[in-house]
Protein chains: 2
Amino acid sequence: MGVMARAATTSDAFNAIAEPQRRDILMLLRAGERPVTDLAQELGMSQPGASKHLRVLREVGLVRVREVGKQRLYGLDADGLRPVREWVGGFERFWNESFDRLDTYVQDLKQARQED
Amino acid sequence: MGVMARAATTSDAFNAIAEPQRRDILMLLRAGERPVTDLAQELGMSQPGASKHLRVLREVGLVRVREVGKQRLYGLDADGLRPVREWVGGFERFWNESFDRLDTYVQDLKQARQED
DNA sequence: CCATCATATTCCCATATCGGCATGTGACAA
DNA sequence: TTGTCACATGCCGATATGGGAATATGATGG
């Protein structure tokens with residue numbers, strides 16, 4: 001049994017979207033399916049680079065591939081974002097509270113000004 | 001100047017929440033401020049481990065520290081999740097569409113069965 | 001079959017990252 | 001001041017990761 005010096009590889013959606021370039025790919029794919037070379041060129045990355053990122057995205061279910069002739073068209077599978085969406089959603093109420101706090105702060109400022 | 005073999009370190013919210021343990025910390029903090037040792041114990045991690053994760057979370061603005069006596073109370077700063085929330089929000093419509101696609105698929109299945 | 005286009009994979013390097021452990025540091029109490 | 005508590009930091013080992021370059025694979029056309 002090997003020494004576990006690092007937590008098990010987090011190959012999930014959270015990990016996949018931690019990479020800016022992978023986020024870029026996903027955003028591009030909102031406009032529709034695209035072949036690899038297209039993506040690489042559009043995003044200024046090498047073809048192998050694009051392929052590697054796409055592999056990660058595919059493995060976590062964020063994109064789908066469809067083979068058309070020589071090409072492989074990659075398409076968005078937004079359902080893969082569900083875990084992220086749900087996790088972030090769990091903070092919704094705090095998100096609002098921070099606005100409340102800001103509001104309170106502003107109110108305090110106004111009051112302080114009036115007291116001058 | 002060294003060789004840039006990896007993209008500039010992504011020290012942003014996306015990166016911070018890519019770690020399961022850090023997500024756990026944030027979720028725990030929804031219940032209120034907590035000292036480091038508390039968090040470590042509750043989540044079954046070492047004190048240094050907790051401190052390091054908290055440092056990352058602090059650096060990307062996901063938590064705040066408040067010093068009280070010997071202790072340092074860490075509190076949630078949900079506003080730091082805004083970039084993630086907004087990015088994911090950009091896929092809202094595809095999220096719905098995927099349901100539509102599933103629905104279409106199911107309809108197709110029904111039709112295929114009837115044609116047998 | 002052979003050449004070519006599109007894409008995937010492999011190898012290598014440099015670096016980032018996590019965990020454990022030991023140690024440093026700052027506040028408070030005796 | 002000295003001891004202790006709560007926490008941060010430093011160092012190390014193992015591993016994960018991204019980019020570049022070269023190469024393999026797979027489908028298509030001739």
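1. In chain B of this predicted model, Pro35(B) stands opposite Leu73(B), a residue of strand 3 of chain B. The pairing to which strand 3 belongs here is antiparallel, with two bridges joining strand 1 (residues 34-35) of chain B to strand 3 (residues 71-76) of chain B.

2. Strand 3 of chain B also pairs with strand 2 (residues 63-68) of chain B, again in the antiparallel sense and over six bridges. Within this pairing, Val65(B) has Tyr74(B) in strand 3 of chain B as its bridge partner. The hairpin formed by strand 2 and strand 3 of chain B has two residues between the strands, and Gly69(B) takes a positive phi near 65° there.

3. For chain A, the strands can be described as a sheet: it is open, has three strands in the order 1-3-2, and is paired antiparallel. Strand 1 (34-35) and strand 2 (63-68) of chain A are the edge strands, each pairing on one side only. Strand 1 of chain A is joined to strand 3 (residues 71-76) of chain A by two bridges, the two strands running antiparallel, and Pro35(A) stands opposite Leu73(A) in strand 3 of chain A.

4. Helix 2 (residues 20-29) of chain A packs on this sheet, where it touches strand 1, strand 2 and strand 3 of chain A, and its direction makes about 90° with that of strand 3 of chain A. Helix 4 (residues 47-59) of chain A lies across strand 2 and strand 3 of chain A, and runs at about 115° to strand 2 of chain A.

5. Returning to chain B, the axes of helix 3 (residues 36-43) and helix 4 (residues 47-59) of chain B come within 9 Å and cross at roughly 110°, so that helix 3 and helix 4 of chain B are roughly perpendicular to each other. The crossing of helix 3 of chain B past helix 4 of chain B is right-handed. On the helix 3 side of chain B the contact is made by Val36(B), Leu39(B) and Ala40(B), which meet Gln47(B), Ala50(B), Ser51(B) and Leu54(B) in helix 4 of chain B. The residues of this contact divide into five nonpolar, two polar and no charged.

Notes
Residues numbered from 1 in each chain as written. Chains lettered and ligands numbered in written order. Predicted model: local features only at pLDDT ≥ 70, side-chain atom pairs only at ≥ 80, totals over all residues. Heavy atoms only, no water. Axes fitted to C-alpha atoms, helices over the stretch in contact; angles between N-to-C directions. Helix = DSSP H or I, 4+ residues; strand = E, 2+ residues; numbered from the N terminus. Parallel < 35°, antiparallel > 145°, perpendicular 65-115°, else oblique. Left-handed = near helix turned anticlockwise from the far one by under 90°. Contact = heavy atoms within 4.5 Å. Nonpolar A, V, L, I, M, F, W, Y, C, P; charged D, E, K, R; others polar. Pairing = 2+ DSSP bridges.
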